[in-house]
Amino acid sequence: MSTPTPAERRTPTVAVIGAGMSGLCMAAKLKRAGIEDFTVYEKAADLGGTWRDNTYPGLTCDVPSRFYQFRFAPNPDWSRWFSAGPEIWRYFDKVADDLDLRRHVRLSSELVDGRWADGRWQLRFADGAEASADFLISACGILRIPNVPAIAGLDSFTGAVFHSARWDHSVPLAGRRVAVIGTGSTGAQIVGGLAGVASEVRLFQRSAQWILPMFNPRYSRLTKLLHRRFPQLDVRGYDKIRARAEWIGSAVTSPGPKRTLLQTICRLHLRRVRDPELRAALTPDYQPMCKRLVASSAFYPAIQRADNHLVTDPIDRVEPTGIRTADGTLHEVDVIALATGFDAHAFMRPLALTGVDGVTLDEAWAGGPRAFMTVALPGFPNLFTLMGPHSPVGNYSLTEIAESQADHILGWIDRWQSRDIDAVAPTEEATARFNAEMRAAMPGTVWATGCQSWYLGADGLPELWPWTPDLHRARLRQVEPADYEITAPAAT
Ligand code: N01
């Protein structure tokens, strides 16, 4: 078949689910590829995803600002090495404006059902609206559905109680007693953020966390000026930090001196806690980096304040005026903040998807979420995922991962435009082989060294990309046609 002329190339209709970081990344890449017929369906009334939902005190992204941005959308104006949540939200908002993405975003539009029928995705929304698309791209985010723990009596509490991702800003905190449940990245940041604001903070710790120090200087006016004048500096900064982040990534995925060095830094950092009893209580019983590493220079000073308390006795129940621990103590508080994490295995669910032969996503994922190369699902043609199962989501920048995945997806859309394909999905064999390869590589990762975390699947094994982010990028660039079931257009 001869190569189609530009005029013969087809124009696809693309539906993207979610206007958070990765949905906006996909939208920007589509636009840059000259594709205009796309819609980003967003369930909420505003764009921004995780940066819209998370507004808790102390929220700071622990990935450097210069690397937590799109490589194609430099930002000379970052105020610090690590940015606070509202600044990042503003960045994505500005990207949407600068790249004219907003008119493609349909807000308050929750996709509830998608079916592959007659070579297209047939879509139905919560408000009854319908649409169809040649490609369906899930950019729903991973840490989206709050995990509200089943603690007895939680409903009986007479003060305010809310999850960290649903922070209730109408509740005053100044001079009040606040309980924080959970010691992940979120809990650690909230404790730092509340220091000196609340009259007392009680941190309920089920497991201690290793914490990497995070120095956070301001960018000078001169740096901002230079970056505005020479945008290449921004890209160079991005690449430099990416190389450093790759270095950390390889420490996580294979044992050796790099891992030992990072673990030693965490152990030395813990020495900032002067009281031996408190230090012992804050010392985890597993290797640093087994859970996602928390990065904070504010946490240890905050937890050592006289008005803050670490509670390590297990929670027995919540009562109208506070939290009763197993030792019988009632910890009276005015506010309970649940920093208890998310359902990291839902991905695009509860959205109902039906692929080839009427197979539903729930059926396909009965044994747990799985994908081929983090981006595609067997039996679900022309469906792609950003931040899908097995993405390398550790302490690395998700913006970079989203870009690699979006570029891969664009490659398939380009083949569709050129009339090389009508539909594509990975084969069952390739997906099974990829999952087996992943499992074989897991024992080398630090996540498999014995701890509980959201990285683990139902069978207790980690579910993340077990190699370096570098390899993720490289493998998404190499498409092996034999790994895919491709429907070619009918000959004319
Ligand atoms: O959630 P988590 P998170 N009773 O799942 C505890 C990203 N993030 O929101 O460890 C008592 O890590 C649970 O205890 P245990 C980042 O990827 C990024 O903090 O299971 N405690 C744990 O301490 C991060 O990894 C940034 O024993 C209960 C905590 O709650 C991810 O979000 C900032 C409990 C949950 O920790 C999730 O972090 C913040 C119960 N019933 C977050 N149930 C950046 O800066 C759970 N816990 C980029």
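User: How far is an oxygen atom of the ligand from an N or O atom in the side chain of S207?

Analyst: The model is predicted: local features need pLDDT of at least 70, side-chain atom pairs count only at pLDDT 80 or more, and totals for chains, interfaces and linings use all residues. Residues are numbered from 1 along each chain as its sequence is written, and side-chain values use heavy atoms, with hydrogens and water left out. A polar contact here is a pair of N or O atoms within 3.5 Å; within protein, one must be able to donate a hydrogen and the other to accept it, and residues adjacent in sequence count only if both atoms are side-chain atoms. For S207 and the ligand oxygen, the distance is 2.4 Å.

User: What share of the ligand's accessible area does the protein cover?

Analyst: Accessible areas come from the Shrake-Rupley method with a 1.4 Å probe; for residues, only the protein chains shown count as cover. On its own the ligand has 920 Å² of accessible area.

User: Which polar side-chain atoms of T186 and W454 lie at what distances from a ligand oxygen?

Analyst: A polar side-chain atom of W454 is 2.8 Å from an oxygen atom of the ligand. For a polar side-chain atom of T186, the distance to a ligand oxygen is 2.6 Å.

User: Is N382 buried or exposed?

Analyst: Buried means under 20% relative accessible area, exposed over 50%, and partly exposed in between (1.4 Å probe, protein chains only). A polar atom of the N382 side chain lies 2.9 Å from the backbone nitrogen of V424. With a relative accessible area of 0%, N382 is buried.

User: How far apart in space are D155 and R433, C-alpha to C-alpha?

Analyst: D155 has 80% relative accessibility and counts as exposed. In sequence, D155 and R433 are 278 residues apart. In space, their C-alpha separation is 46 Å.
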